[in-house]
Amino acid sequence: PSPIPVKDRRLTQIKTTSMQRGRAEMATWAVRADQIIGARLDRKGVFHTTSYDRKAEFFRRSKWTKEGILMTHGKDDLEEVIQAFKARPAPCVLVSPSIVRGLDLPGNDARYSIIGKVPWPPPDPILEARKLLDREYLPAETMKVIMQTVGRDVRYVGDWSEHFIIDDFWVPFSRNYWHLGTRAFHESVDKVSKEGVHQCPPIKL
């Protein structure tokens with residue numbers, strides 16, 4: 001079990017829209033992310049869009065773009081942007097097109113993170129071959145990334161951060177693959193939101 005109290009590493013799924021291919025309501029998705037950011041302008045956070053296309057779509061739709069509090073990175077300037085993000089005061093949001101492995105954002109560097117889509121791996125011949133050997137390989141990799149994302153901004157006892165998933169696909173995914181998560185991760189998941197009924201502000205488009 002984790003020595004960090006559950007209240008300091010909570011993961012909450014907020015009912016928004018399913019981000020599965022061809023089903024996403026991008027306007028609804030962007031508004032939901034804006035709501036989370038707008039309620040936390042006293043701190044810094046990270047928004048994992050999990051693709052460059054979704055990152056661009058969020059910048060186009062977000063009301064926070066013109067406020068200048070959003071930062072992002074490309075494929076070649078990640079380290080430079082992360083250092084600039086750490087140096088900036090709140091409010092500030094790092095909008096990352098990928099869930100970066102090894103990213104370390106303790107303390108006030110990041111007090112919340114938003115997972116914009118359940119990070120199911122994109123089509124890849126090698127991954128497909130591994131799936132033939134282990135039918136749970138892809139969901140296991142997906143669950144691992146989510147668990148790492150929850151853990152990367154809560155590094156020590158006394159640290160804390162909020163975590164949100166704004167992809168309704170989390171409900172069937174977590175139901176089907178709950179056994180792939182660790183006990184510490186299970187403790188952190190909001191049991192109400194796991195059923196997809198977490199109360200949240202209404203979407204206004």
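Author: Gladly. Let us begin with a proline: Pro91 lies in the loop between H3 and S4. Helices (H or I, at least four residues) and strands (E, at least two) are DSSP runs, numbered from the N terminus. A cis peptide bond joins Ala90 to Pro91, with omega about 0°. This is a predicted model, in which local features need pLDDT of at least 70 and side-chain atom pairs count only at pLDDT 80 or more, while totals for chains, interfaces and linings use all residues. Residues are numbered from 1 along each chain as its sequence is written, and side-chain values use heavy atoms, with hydrogens and water left out.

Reader: How many helices and strands does the protein have?

Author: There are seven helices and six strands. Along the sequence they follow the pattern β-α-β-α-β-α-β-β-α-α-β-α-α.

Reader: How do I read a strand such as S4 within its sheet?

Author: Start with its partners; two strands pair if DSSP finds at least two bridges between them. S2 (residues 44–48) runs parallel to S4 and is joined to S4 by five bridges, with Phe47 opposite Val95. S3 (residues 70–72) also runs parallel to S4, through three bridges, and here Met71 stands opposite Leu94.

Reader: What kind of unit do S3, helix H3 and S4 make?

Author: With H3 at residues 78–87, they make a right-handed β-α-β unit. Right-handed means that, with the strands pointing away from the viewer, the path from the first strand over the helix to the second runs clockwise.

Reader: Are the two faces of S4 covered or open?

Author: In a regular strand the side chains alternate between the two faces of the sheet. Buried means under 20% relative accessible area, exposed over 50%, and partly exposed in between (1.4 Å probe, protein chains only). Of the protein's 205 residues, 50% count as buried.

Reader: Where does Leu70 lie, and is Leu70 buried or exposed?

Author: Leu70 lies in S3, and its relative accessibility of 11% makes it count as buried. Contact means heavy atoms within 4.5 Å. Beyond its neighbours within four places in sequence, Leu70 is in contact with Phe58, Phe59, Ser62, Trp64, Thr65, Val93 and Val95. The C-alpha atoms of Leu70 and Pro91 are 8.8 Å apart, although 21 residues separate the two along the chain.

Reader: Which residues have the most contacts inside the largest nonpolar core?

Author: A nonpolar core is a set of buried Ala, Val, Leu, Ile, Met, Phe, Trp, Tyr and Cys residues joined through side-chain atoms within 4.5 Å. The largest has 19 residues, and Ile37, Phe47 and Phe58 have the most contacts inside it. H1 (26–38), S4 and S5 (112–115) each supply at least two residues of this core, and the largest share, six residues, comes from H1. Leaving aside its neighbours within four places in sequence, Ile37 is in contact with Phe58, Trp64, Ile69, Val93, Tyr112 and Ile114. Another core, of eleven residues, lies apart from it; Ile115, Phe173, Phe185 and Val189 are among them.

Reader: How many aromatic pairs are found in the whole structure, and how do I read one?

Author: A search finds eight. A pair of aromatic rings is described by the distance of the centres and the angle of the planes. Rings of Phe, Tyr and Trp (its six-membered ring) pair if their centres lie within 6.5 Å; planes under 30 degrees apart count as stacked, over 60 as edge-to-face and the rest as tilted. Trp29 and Phe58 have ring centres 6.3 Å apart and planes at 80°, so this pair is edge-to-face. It links distant parts of the chain, as Trp29 is in H1 and Phe58 is in H2 (residues 52–61), 29 residues apart. Both Trp29 and Phe58 are buried.

Reader: What are the ring distance and plane angle for Phe173 and Tyr177?

Author: Their centres are 5.3 Å apart and their planes at 50°, so the pair is tilted. Both residues lie in H6 (residues 170–177), four residues apart, about one turn of the helix. Phe173 counts as buried at 1% relative accessibility, whereas Tyr177, at 22%, counts as partly exposed. Together with Trp120, Phe169, Trp170 and Phe185, they form one aromatic cluster.
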